[in-house]
Amino acid sequence: MEPKHALHSGYFHPVLRLWQSANVDVKPENLMLPIFILDEPNSITEIQSMPGVKRYGINKLKGFIDPLIAKGLKSVLLFGVSNKLIKDENASSADCPNNPVIQAVPLLRKLYPHLIIACDVCICPYSSHGHCGILNSNGTIQNEKSIQRISEIAVAYAKAGAHIVAPSDMMDGRIKAIKQGLASAGLSNQVAVLSYAVKFASGFYGPFRDAAGSSPKFGDRQCYQLPSGSTGLAARAAARDVDEGADMLMVKPGLAYLDVVRQTKNAYPQYPMFIYQVSGEYAMLYHGAKNGAINLEAVLKEVLLSMRRAGGDVIITYYTPLILDLLQPKANL
Ligand code: PBG
């Protein structure tokens, strides 16, 4: 007897399977590539914790990015790495003239007129203590001073030519402070604010802190990043940033938080939703595949589709170069 609720007849052919997967395909415009930019212009260095990902000095960016543009790269997210620049309480090097991001932005604008350039805005890569805000002498965050400084840094990146500034610090009020800073600089209409709105305190950031040299020297980030069990704070964090004027929202990390992605997208369908597949997610897939547990391409494709299905419009991923390869005409992602 025919089963009443037969499903197999709906997906016995590759085209039928595509129809069943409507709107969850992955295209180059759904990808943003994070790039670590060194303060040593002629260097390229390996990142031990993220095999296959490198840090590039500005004179080495063209060699890395040219082939990716040819394969359809649409957007990048820049992180500065300071080996030589001083680190102090105020993160002075975040917006000094020889900051690698400040130098890279105009160069990339000139080399790639169609590429969208986003800059991560934070204090931790440039502060002596490695925290994401300005601290009081007892080690607690000074909110007012922090958001002031974060706004200054964002405006500096905007003046350098960034299309998007992306504050990753999680301080209350920083979106509003940045918006006001951009308005005073006359840049309101040329620069979008992508808020790391829903950023959890996560063990998945470990490899990044090695890559960017941004580990906190004491304590952790639990007082400003969200507790991983909380969906309520996640909703309030998104509401806060929408209220302060964010143009786009992000949930981070990705894979372990796709319920939060769906919750946020449902609450704010009008906003482009970004998902950051963070360093630990990159490394986990890499090592899982290297040790024979999974097939990297198959699992990566599955994870990307799950992120799109959850409501992600753009996925920030270190795998962008590989995915662009997979998307070239012969491949079928
Ligand atoms: C800095 C920042 C971090 C990441 C992006 N921006 C580290 C952190 O918050 O500890 C993590 C990205 C990744 O793990 O790939 N505030």
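The legends below describe close-up views of a predicted model. Residues are numbered from 1 along each chain as its sequence is written, and side-chain values use heavy atoms, with hydrogens and water left out. Local features need pLDDT of at least 70 and side-chain atom pairs count only at pLDDT 80 or more, while totals for chains, interfaces and linings use all residues.

**View 1. The largest cavity holds about 140 Å³ of space.** A search of the whole structure gives two cavities of 30 Å³ or more. A cavity is a set of points, on a 1 Å grid over the protein atoms alone, where a 1.4 Å probe fits but cannot get out; lining residues have an atom within 4 Å of a point. Points are joined across faces, edges and corners, and the volume is the space filled by probe spheres set on them. The largest cavity is lined by 17 residues, and Lys-199, Tyr-205, Phe-208, Arg-221 and Lys-252 are the closest to its centre. β7 (192-199) and α6 (206-212) are the elements that give two or more residues to this lining. Helices (H or I, at least four residues) and strands (E, at least two) are DSSP runs numbered from the N terminus. The lining comprises 10 nonpolar, two polar and five charged residues. Ala, Val, Leu, Ile, Met, Phe, Trp, Tyr, Cys and Pro count as nonpolar, Asp, Glu, Lys and Arg as charged, and the others, Gly among them, as polar.

**View 2. The ligand takes the space of the largest cavity.** A molecule is assigned to a cavity if more than half of its atoms lie within 2 Å of the grid points. Around the ligand are 18 residues, of which Lys-199, Arg-209, Arg-221, Lys-252 and Tyr-318 are the closest; a residue is included if one of its heavy atoms lies within 4 Å. This shell has 10 nonpolar, three polar and five charged residues.

View 3. The ligand alone exposes 400 Å², of which the protein buries 100%; areas come from the Shrake-Rupley method with a 1.4 Å probe.

**View 4. The second largest cavity has a volume of about 50 Å³.** Its lining includes Leu-78, Asp-120, Cys-122 and Tyr-157. β4 (75-81) and β5 (116-121) each supply at least two lining residues, and β4 gives the most, with three.

**View 5. Lys-252 and Pro-253 are joined by a cis peptide bond, with omega about -10°.** Pro-253 is in the loop between β8 (248-252) and α8 (258-267).

How values were computed. 1 Å grid on protein atoms, 1.4 Å probe; cavity = no way out; pocket = protein on both sides within 12 Å on 5 of 7 lines; lining within 4 Å.
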